[in-house]
Amino acid sequence: MQLKEVNANLDEKKYSLMVLLYQTFTCSLFTIHCTLFTVHCSLFSYHYSFFTIHYTYLCPHFMRKIVVFTGSGISAESGLKTFRDSDGLWENYNIEDVATPQAWHRNRSMVLDFYNMRRKQVLEAAPNNAHVALARLENKFDVRIITQNIDDLHERAGSKNVLHLHGEIRKSRSSIDPALVYDVDGWEIKEGEKCARGSQLRPHIVWFGEEVPELSHAAHLVSLADIFMVIGTSLLVYPAAGLVDYAPDGAEKYFIDPNADEHLSNHFTVIKEKAGTGVPALVEKLMNEIL
Ligand code: APR
């Protein structure tokens, strides 16, 4: 064999070796790439499932916020009287006699009797379809309820975040220290029942002429609403009624009340129905809009 041929053979072998090395190298690169891709996909799906769990169960901050503002109309179908409808409570009682600090100083037993009767009726009442539907909303939304009502029907229906603007009938408090608040055992606060500092217990109610301690908290909640619902209130009592002005311009707004004031219809979708029918229907619609 001549020297030239030997060199050509050697070049060919080198070339084949190089090709083989190159192929092995690219194959390994491809395999590494595929493995990385698989790891990436698994991480992504893990991340996605974690996000879903987090979104659905752990982090209500991602949910749309519904703020609900209720009045006595929502409890009417549970058998509790409203205040200003015909045969409402203020047709049969004078506010000045039973729901002011002056009344308490003048005739404490009359005030206690009035609220003892309210407590008895609340204990005998049960949540209606409207309370129950609002509680169901919490499965898909971050729900905050602001109520002017002193009954506990929202809580008994299962709502978890309820702010009572005007107090709670099932609680009593010291008449000298507002920080001393107690659960009432049964339906009565009796004359002679005292707080830890020795003063007569009074109903844990915000009376006419008293400050509304939860007002700014409530206004802040309303200002965060994506959806704002007003249910069963005449919107005649301030400062509570002023809360509707804090709802953001961009929020969806609904007003459910058979006698809803038409002047709100510029900003609100007005549903002139009783709470027991109007609220479950609206809740159903909102729930169906979410996957
Ligand atoms: N469903 C919905 N709304 C109803 C229903 C019903 N079934 N029945 C009555 N209503 C409506 C009435 O049309 C009215 O607009 O409930 C409203 C009741 O109005 P008010 O009697 O003025 O009661 P409310 O607005 O809750 O009063 C505010 O006044 O005396 C105070 O402290 C008390 O928190 C109360 C505040």
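User: Which residues touch the most other members in the largest nonpolar core?

Analyst: Happy to start there, keeping in mind that this is a predicted model. The largest nonpolar core holds 40 residues. Those that touch the most other members are V67, V68, L134, I231, I256 and V279.

User: Nice. Which residues of α7 are buried?

Analyst: Helix α7 spans residues 129-136, and six of its eight residues are buried. The partners they pack against are β1, α2 (73-76), β2, α8 (153-157), β7 (227-231) and α10 (275-289). The buried residues themselves are A130, H131, V132, A133, L134 and A135.

User: What does I256 touch, leaving aside residues up to four places away in sequence?

Analyst: I256 belongs to the core residues that touch the most other members. Strand β8, residues 252-256, includes this position. With residues up to four places away in sequence set aside, the contacts of I256 are M229, I231, I271, E273, A275, G278, V279 and L282.

User: Let's turn to the strands. Which residue is the bridge partner of T70 in β2?

Analyst: Strand β1 (residues 65-70) pairs with β2 in the parallel sense, over six bridges. β2 covers residues 142-147, and five of its six residues are buried. Within this pairing, T70 is partnered by T147.

User: And on β3, which residue is the bridge partner of I146?

Analyst: β2 also runs parallel to strand β3 (residues 162-164), to which three bridges join it. In β3, the partner of I146 is L163.

User: In β9, what is the bridge partner of F255?

Analyst: Five bridges join β7 to β8, and the two run parallel, with I227 partnered by E252 in β8. β8 in turn pairs in the parallel sense with strand β9 (residues 269-271) over three bridges. There, the bridge partner of F255 is V270.

User: Now the ligand: which residues are closest to it?

Analyst: The shell divides into six nonpolar, 11 polar and five charged residues. Domain 1 (61-80 + 127-166 + 212-291) and domain 2 (82-124 + 170-205) each give at least three residues to this shell. In total 22 residues surround the ligand, and the closest are G71, G73, F83, G232 and S234.

User: L235 has a positive phi; is this residue buried or exposed?

Analyst: Most residues other than glycine have a negative phi. Phi of L235, however, is near 55 degrees, and the residue is found in the loop between β7 and β8. The cut-off for burial is 20 or more other C-beta atoms within 10 Å. L235 has 20 C-beta neighbours inside 10 Å, so L235 counts as buried.

User: One last thing: what is the omega of the peptide bond from Y238 to P239?

Analyst: Most peptide bonds are trans. P239 lies in the loop between β7 and β8. The bond from Y238 to P239 is cis, with omega near 10 degrees.

Note on methods
Residues numbered from 1 in each chain as written. Predicted model: local features only at pLDDT ≥ 70, side-chain atom pairs only at ≥ 80, totals over all residues. Buried ≥ 20, exposed ≤ 12 C-beta atoms within 10 Å, placed from the backbone. Helix = DSSP H or I, 4+ residues; strand = E, 2+ residues; numbered from the N terminus. Pairing = 2+ DSSP bridges. Contact = placed C-beta atoms within 7 Å. Near = placed C-beta within 6 Å. Nonpolar A, V, L, I, M, F, W, Y, C, P; charged D, E, K, R; others polar. Domains from an automatic or database assignment. Core = buried A, V, L, I, M, F, W, Y, C linked by C-beta atoms within 7 Å.
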